[in-house]
Every structure is written in C-alpha cells, then in structure tokens.
Amino acid sequence: MAAWRVSLATLCLLSLFLVRTTALDADHDAWDAWVATCLPAQPADSGARLRAGVQGGGDEDDVMATPLRPREMAAMHRVLRQDAKRQDMANRVLHILGHRPDRLAHCSVVFLVNFMPDADLDALKPSFVAENVRGALRARKTFHWASLAPLPVFYNDVLPYASLTEPRDPWRPKLFEFMREATSGCLDAVCAALALNSHAWEIVDPPIIFVAAKPDELNSYSPFQTMARHNASCTGLSVFLVDALRAAGVPSRIAGVPHWNKGVTVCPGGDADAPCGNHNWVEVFVDGGWHFLDQRGAHNELDRGWFFPADTNLQVPAGKDGAQTNHSIFSSSWAPGEVLLKLDPHAYASFSPFSHFPMVWDWAARSVPAWESVAFYHRGRKGRAAPGLADAMDSFDDLLCDDGFACADEEEAKSDPAPRRIKTFNKATALTISCESWT
Ligand SMILES: *[C@@H]1O[C@H](CO)[C@@H](O)[C@H](O)[C@H]1NC(C)=O
Ligand SMILES: *[C@@H]1O[C@H](CO)[C@@H](O)[C@H](O)[C@H]1NC(C)=O
C-alpha cells in the first residue's frame, strides 16, 4: 500500500513536470518560428559587417518586403496565442495595416505587441499601435542609415513608441518631418545622431532647455509634454531625444543611474543627498555599436559627457539579486535581454540582462526591461579603452576643466549658448552634481 502511494506521488510529480516542460517547449518553438520568419539572413556578426561597410539593409529588406506564407503566419502567431489580449491587439493592428502587410510589418507588429507592457495593452488603441508601426517602417525606408541597422536592433530600439513609463504620445508623424529636415545634410547615423542632439530641441520656439527637477519628482515627461513646457530635466530630455532619434531611424534607448555612488564623504546623508541623485542620458546604435550621448550637453560628441568616466567609474555591477541596484548603470529595452542576446549576440554583447529599469520616481515599477551596463562604461578604464570610448578617456583630465558644465565661471556662464549649463563654477560641487537634484 505504502509503495503504491509513493509511486502514485512520483507519477503525479512526473506528469506535472511533463506538462510544465511541454508548455515551455511550446513557448520556445513559437518564438523560434518568429525568429525564423523575421530574421531571414541572420548575420553572425552584424557589427563587424557594418564596420566593414557591408550593407545590412539591401537583401534583407528585399526579403522582408515579401508577404508571409500562410504556414509561416500560423506558426508565428502561436507566440501570441498564450495571451488572448495580445493576440486580439495584434490581429486588430494587422487589420488596420491592410489586407496583406509585408513581412517586416507583420514581424514588427508581433514583436511590439508580444513585449508591450500590460498597462499599454489595456490603455492603447490598436490604431495608435498601427500608426506607430507605420511610422517606424517609414523611417527605415526613408533614412539610408536606418536600413543598415541590424533587424533585431530595429525591432527593439527603433520600433517602440515609448522608453519608460512616460505618457504615450503619437509622436511619429510630427517628429519625422522635423527630424528629417534636421538631418538632411547627413550621410550616416553618427552625423544624424549628433545633428539631432544639437537641433531636435528647436522643434519648438523657444527651444527645449534643461531645467533640473527635484529629487524623485515625476519627471518622465512625454515628448509632447516636454514640447509644451519648452523644458525638462534629464529624464524628459532623454525621452524626447530617444523619440527624435527613433523618428529618424537611429536606434536609441535611455541609460541611467538611480543614484550616483559617491560615498559618505560627498553624501554623508546617503543617496538622498543631492550629489547622489539620479541621472539619465541616451545611448545610440551607430557605426556598428552602442555609444552614449550627453543629451543637449556642452560637447556634442559621442561618448563624451560630464559624468564619464569619473562618475560612471564609481558605479558598480548590480550584483546578485540586484543588491547594488541603486549604484549600478542601466539601459532600457523593449524585450527582455535574454531574448535579444539570442537574436543578435554581437549587438548586445557588452550588456547583461536585468529584470527591470529602475526609476526613482516610480520605484516599484517593473514594467520596463533593462540591461545592466556597468561593463560597457568601465571599458574606458585603465587604458583598456574600447574604440570610441578611448578618446573620451584620453581627454579625461581635460574634461574636468574643459567641460562647459563643470568649469564655466560666472562670465562664461553668462555667454554660454546653452543656458541649462549656467551654474557658478565651483570645482568641488561641479563634479558631484546630478541632474534631478540640481536646483
Ligand atoms: C519649465 O516649464 C514649466 C511648465 O511650463 C514652467 O512653469 C517653468 O517656468 C519652466 N522653467 C523654466 C526655467 O523655463
Ligand atoms: C534605492 O533608491 C530608492 C529610490 O531613491 C530608495 O527608495 C531605496 O530605499 C534605495 N535602496 C537602498 C537599498 O538604499
């Protein structure tokens, strides 16, 4: 009798295990179908191809312009079938996009909807999502550099209509027109990224400027809110610039720290002290790899900003269970990092998947997937500089006294063309200022 009970229990456990692994396999197969259908000529090393001047767009985009075969469509849609709301959203969006959307459109809809935050599924209309997809596809067709971005990077860092938890705006058409004009002299994505970091702000008159927010104040304004205010703090400026870049087909996302890790001498009261406040900035995928931009910063160059490398070098890995979350560096994502590393191991090689993008103004939020990016910023350390970050490292000493922000004295400040930088020079505090807490 006892033996019979034991084997019954084993059988139950075994069947539970089987049901569970079958469900996981189903997820896995369904996603494999999306990958097979939506990344036709999956490059082993897209970054190297780009650096070598091989165009990622051409052939790939010809394939992506073909319609899906019914069998492919059925296989791909299995990924949504586990979630009735997502399936319904995708079907409605596809219906709006027309009778037979091409492969890229179809793949974009399934990717976007599959990884949409739950709150958006309830709040957004299918027409909003459809317009966003149309706008992203138009950007990929219009801008030469946009079609060179690897497809996984397009899906994750151009296609999404939002970065964090900011209100959702239909910004594509308005930003597209303006940003096309602002990048009209550009032949590549580096030029486009820098042109937009200089000129995107002029979409309203007077242009959008930096104004610090109080610590922990809700500051992830939507692009239309920032345009209406003509100002925002670092987070609002980052959200706006990411959308401006995406409107022009430049892959981009938000990076940031919950708190600067300056230690007890600078912040005796802990993270709540102003110099240990949060900061956000922008990352772009250009020239075959990720680089950062100091939004509306004093020096409009890739991989140069007042916080790098001195402040970023003090940040630490988030650690097991995120014990050091407050003092790490993160980059936002649409899909979870684990998924993206499989889609394009090269493009995301310097980043580790993290459960969520921490936002000090909404600390409990878990809706934004993220990368932990400390390794990427620490590459500039000890002469082991990565290409691009090397120059910034060389000019580190200059940076402290050459950055308009850190070193503007009162006279310079008055004539500073970038009014957000006006701050009386004080070397000790200039190095410890953080965006949200600087008042
Ligand atoms: C920023 O915008 C807000 C809202 O429109 C306004 O009240 C405030 O005066 C602006 N700040 C500056 C410095 O322009
Ligand atoms: C991390 O920062 C958040 C937001 O400022 C704060 O609420 C939390 O207490 C901090 N956690 C630790 C361990 O200091």
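Ala 192 is buried, because 27 other C-beta atoms lie within 10 Å. Buried here means 20 or more other C-beta atoms within 10 Å of a residue's own, exposed means 12 or fewer, and partly exposed is in between, with C-beta atoms placed from the backbone. The model is predicted: local features need pLDDT of at least 70, side-chain atom pairs count only at pLDDT 80 or more, and totals for chains, interfaces and linings use all residues. Residues are numbered from 1 along each chain as its sequence is written, while chains are lettered from A and ligands numbered from 1 in the order in which they are written.

**Ala 192 and its surroundings**
- Ala 192 sits in helix α11, residues 189–199. Helices (H or I, at least four residues) and strands (E, at least two) are DSSP runs, numbered from the N terminus.
- Leaving out residues up to four places away in sequence, Ala 192 touches Trp 145, Thr 183, Cys 186, Ala 248 and Val 250. Contact means that two C-beta atoms, placed from the backbone, lie within 7 Å.
- Val 250 is 58 residues from Ala 192 in sequence, and their C-alpha atoms are 7.6 Å apart.

**Overall fold**
- The chain has 22 helices and eight strands.
- Of its 439 residues, 46% count as buried.
- Take the contacts between residues at least 6 apart in sequence: 67% of them join residues at least 24 apart.

**Nonpolar core**
- The largest nonpolar core holds 102 residues. Such a core is a set of buried Ala, Val, Leu, Ile, Met, Phe, Trp, Tyr and Cys residues joined through C-beta atoms within 7 Å.
- The residues with the most contacts inside this core are Val 93, Val 110, Val 113, Val 133, Leu 196, Ala 244 and Ala 248.
- Helix α13 (residues 234–247) gives the most to this core, with nine residues.
- Val 93 touches Val 109, Val 113, Pro 126, Val 129, Ala 130 and Val 133, not counting residues up to four places away in sequence.

**Helix α10**
- Arg 172, Leu 175, Phe 176, Met 179 and Ala 182 are the buried residues of α10, which spans residues 172–182.
- Viewed down the axis of α10, its buried residues fall within an arc of 135°, so they line one face of the helix. The arc is taken over the directions from the helix axis to the C-beta atoms.
- Pro 173, Glu 177 and Glu 181 are exposed on the other side of α10.
- The cover over the buried residues of α10 includes α8 (126–142), α11, α12 (223–229) and α13.

**Backbone geometry in loops**
- Asp 205 and Pro 206 are joined by a cis peptide bond, with omega about 0°. Pro 206 lies in the loop between α11 and β1 (209–210).
- The peptide bond from Phe 308 to Pro 309 is cis, with omega near 0°. Pro 309 lies in the loop between β5 (289–293) and α15 (310–314).
- Asp 303 is in the loop between β5 and α15. Its phi is positive, near 60°, although Asp 303 is a residue other than glycine. Asp 303 counts as buried, with 23 C-beta neighbours inside 10 Å.
- His 230, not a glycine, has a positive phi of about 65°. His 230 lies in the loop between α12 and β2 (231–232). With 14 other C-beta atoms within 10 Å, His 230 is partly exposed.

**Ligand 2**
- Pro 258, His 259, Asp 271, Asn 326, Val 360 and Trp 363 surround ligand 2. A residue is near a molecule or strand if its C-beta atom, placed from the backbone, lies within 6 Å of it.
- The shell around ligand 2 divides into three nonpolar, two polar and one charged residue. Ala, Val, Leu, Ile, Met, Phe, Trp, Tyr, Cys and Pro count as nonpolar, Asp, Glu, Lys and Arg as charged, and the others, Gly among them, as polar.
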